[in-house]
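Subject: Structure handover

Hello,

Here is the structure I promised to pass on. My notes follow below it.

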Amino acid sequence: MRLHDAADCCSSEATGMAGAVLNEIAELLEHFAKTGEETIVDLRGLPMTDADRAALEDALGQGEVTAVVDVAGPSEVWETSYAGVWWVRHRGADERITSEEIVVTRVPAILLSHSDDVRASASRLRETLASDDVTEPAQTIDQGLEETSHVG
Amino acid sequence: MDLLDFARGPALQVGLIVFAFGVAWRLAALLLLPRMQDRSKAREGAPTAAIASGREVLRRMWPQGAFAEATRFSVINGYIFHLGLAIIVFGGTPHILFLRDLFGISWPGLPTNIINGVSVITFASLLLALARRINDPVLRLISTANDYISWAMTFLPVATGLLAISHLGARYETLLAIHLLSVAAFLVWFPFGKLMHAFLVFVSRGTTGVHLAHRGAQL
Amino acid sequence: MSDDRTLGEVMTSRGVSRRAFLKYASYLATAMALPASATSVIAQSLATARRQSVIWLSFQECTGCTESITRSYSPTLEDLIFDFISLDYHHTLMSVSGAAAEHAREQAMKDNKGKYIVIVDGSVPIKDGGIYSTIAGVTNEQMLKDTVKDAFAVVSVGTCAAFGGIPHANPNPTGAVAVSDIIKDKPIINIPGCPPIPEAMTGTIAYLLSFGKLPELDKLNRPLAFFGESIHDRCYRRPFYERGMFADSFDDEGARKGWCLYKVGCKGPIAYNACATLKWNGGISFPIQSGHGCLGCSEPNFWDKGSFYKPLAAATAGINAEVGAAAVVGAAIGATAAQIIKKRRQDVADRAIKKVEG
């Protein structure tokens, strides 16, 4: 039994925000094509309902690239059917969406290897080779986090 | 204790105490006063006291005779803000909750947008009443501090209530506190100024009617 | 426990890439309504920051605030905050360590002089020399003053630390006061709530870490990002309020249909917090969504605002014995006045009759 009809009323109704965001994306995309300046639209910071976001997702569609980044929970990244418009959906380890954004860029930063990480992994690979133990698998993030001492 | 706590607590408490004390005092003093005996013989055909008083109350509901022209504005404008105040006080949901808490009875409220509309009309009507009082030379001459204070004590709750529902000028809790403080001030002033007419208006009109009828005034 | 390495270096050594910082920054930007463009700046600042030393003092409290922060909703992502800070002392969690814990606190204060953050939950009793709450024989008031002396900033979590809370409620037998009543010379951030929303606590700490300064605060020192709007303003039941559709009791048709709870005492219009947007327990619900009005727990003196179920529009006391007594006294004075006049008229009449007869 649904006790609270109203609890669902406001998250299931489309408010027309999807159209407004699409217009903004079109502008940002033209700007990016002209100047190369990247922009991010925070979808969870806007007064959008779930229905609005679903409508936006439908309208933008799926492009050629889809990636999953496994860092502190899965993050889904895909290029929409419009090149240069990327959808980034971050989830925590409990699968709950923690943030969601549209990034107008060539490749979202979350997919790039950070230069510090590159440097660190270069020295790690060198150390591994030096220690003759090439069979030891590299640590993944979740193992790394488990080793830290968490409160609670 | 913040301003809202003060307004909802001590301020309204003092307002209610002074109101209860003052109204009980004035009503008891007036109604228990022995009536002056009119020993003269009533004119022939004079109606009974009940009919005379009732007739006078009704007659004064609308501009009459020689004064019709001069009093038309005051009477009509008076109706507008009196009815407006009644609709706001007895139809607005927060006000019904206030009264329910005091008297334990409640009734359905009117939609917020209707109350808002009525409030704006009442606000304008009260301003017109003041403008009239200031601009009319006769009215200005016979106006005392009592009139202006009574006007202000009525106007302030309407004005601050409008601010509170429209969230204008300050945070809601501050606006609500100011509104409640203005109500407390209204309650304190009520028994001692002309606002007391709310209880006495029909008593005095009825009494006048009885006197006039006794002397054979044909109205 | 000083560590000269940057957070980026610490995390890299654990195999955690910079992507985690980016993801956390994106989450923080959303939670704190920062411009999305700030994400890369936050990620960069976090990576180059040093681990923040934090000393957590627990005074007159129920441990609900600690319960709340340790149950922040998105494990692994939210928990990153515990990698970003060095929780050098937590009174409640370290109580079994006894004297060793107290030494850790003193060591952290010495090592991070002027740089550490003090988090306080619970109010501070000052009546009778503060004897109503002591730790290791030291009164809360003394320990607060000593610990805060060399701190960078103080974060009061929970309504007790921020405003005195429940120990401060009438009649306040222990003379409980807020941290800000004692500490006057340090920046103080209040994160009230009973308990506070975990994201409000972790978000504020992460902000301090990323930007090295206090977030924008309201006049009660609460971060505007979380306490800038009232529950009422962001309530999904607000349309029912506007339409005049209210629940009159907790089991009537209005309550079942999820209408506005204003009539049953909801304090949403005067309560500033993020419950209506961030919600609780991983975004599952918040009190109003569960059918109960807001208690306004993030506001000062929420416990002493009359019944939780009394509508905001009603006077706190109502018609009580004092009002009744005032009416009785007023009527008695009025009746006496009428009586005196009656007597006076009688005297006048008597004198007149006497004159005529005489």
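Among contacts in chain A between residues at least 6 apart in sequence, what percentage join residues at least 24 apart? The figure is 47%. Please keep in mind that this is a predicted model.

**Chain A**

Chain A has 5 helices and 5 strands. Along the sequence they come in the pattern α-α-β-α-β-β-β-β-α-α. The chain holds 152 residues, and 26% of them are buried.

**How the chains meet**

There are 2 pairs of chains in contact, and chains A and C share the most contacts. Chain A and chain B do not touch. Their nearest C-alpha atoms lie 19 Å apart.

Chain B does meet chain C. The contact involves 35 residues of chain B and 35 residues of chain C. On the chain B side, α1 (3-31), α4 (93-103) and α8 (172-189) each give two or more residues. The biggest contributor there is α1(B), with 17 residues. By type, this side of chain B splits into 22 nonpolar, 7 polar and 6 charged residues.

**The nonpolar core**

The largest nonpolar core has 154 residues. Which of them touch the most other members? They are B:Ala20 and C:Val118. As for elements, α1(B) provides the largest share of this core, 15 residues.

C:Val118 has several partners beyond its sequence neighbours. Leaving out residues up to four places away, C:Val118 touches C:Ile55, C:Leu57, C:Thr147, C:Val148, C:Ala151 and C:Val154.

**Domains of chain C**

The domain assignment divides chain C into domain 1 (7-227), domain 2 (231-304) and domain 3 (321-358). Taken over C-alpha atoms, the centres of domain 1 and domain 2 of chain C are 28 Å apart. Their contact takes 16 residues from domain 1 and 15 residues from domain 2. On the domain 1 side, α8 (158-163), α11 (198-211) and α12 (224-227) of chain C each supply at least two residues. That side divides into 11 nonpolar, 3 polar and 2 charged residues.

**The sheet in chain C**

Chain C contains an open sheet of 5 strands with parallel pairing. The strand order is β2-β1-β3-β7-β9.

Look next at the pairing of β1 (residues 52-58) with β2(C). These two run in the parallel sense and pair over 5 bridges. C:Gln52 stands opposite C:Ile85 in β2(C).

Two helices lie across these strands. Helix α6 (residues 99-111) of chain C lies across β1 and β2 of chain C, at about 135° to β2(C). Helix α7 (residues 140-148) of chain C lies across β1, β3 (117-121) and β7 (153-157) of chain C. The angle of α7 to β1(C) is about 170°.

**Backbone points to check**

Most residues other than glycine have a negative phi, and most peptide bonds are trans. Chain C has some exceptions, listed here by place.

- Loop between α9 (165-168) and β8 (176-177) of chain C: C:Pro171 is found here. A cis peptide bond joins C:Asn170 and C:Pro171, with omega about 5°. C:Asn172 is in this loop too. C:Asn172 is not a glycine, yet its phi is positive, about 45°. With 16 other C-beta atoms within 10 Å, C:Asn172 is partly exposed.
- Loop between β9 and α11 of chain C: C:Pro195 is found here. The peptide bond from C:Cys194 to C:Pro195 is cis, with omega near -5°.
- Loop between β5 (134-135) and β6 (138-139) of chain C: C:Ala136 is found here. Phi of C:Ala136 is positive, near 50°, in a residue other than glycine. Is C:Ala136 buried or exposed? C:Ala136 counts as exposed, because it has 12 C-beta neighbours inside 10 Å.

Best wishes

Technical notes
Residues are numbered from 1 along each chain as its sequence is written. Chains are lettered from A and ligands numbered from 1 in the order in which they are written. This is a predicted model: local features need pLDDT of at least 70, side-chain atom pairs count only at pLDDT 80 or more; totals for chains, interfaces and linings use all residues. Two residues are in contact if their C-beta atoms, placed from the backbone, lie within 7 Å. Helices (H or I, at least four residues) and strands (E, at least two) are DSSP runs, numbered from the N terminus. Ala, Val, Leu, Ile, Met, Phe, Trp, Tyr, Cys and Pro count as nonpolar, Asp, Glu, Lys and Arg as charged, and the others, Gly among them, as polar. A nonpolar core is a set of buried Ala, Val, Leu, Ile, Met, Phe, Trp, Tyr and Cys residues joined through C-beta atoms within 7 Å. A residue is buried if 20 or more other C-beta atoms lie within 10 Å of its own, exposed if 12 or fewer, and partly exposed in between; C-beta atoms are placed from the backbone. Domain bounds come from an automatic or database domain assignment. Two strands pair if DSSP finds at least two bridges between them. Axes are lines fitted to C-alpha atoms, for helices over the stretch in contact, and angles run from 0 to 180 degrees between N-to-C directions.
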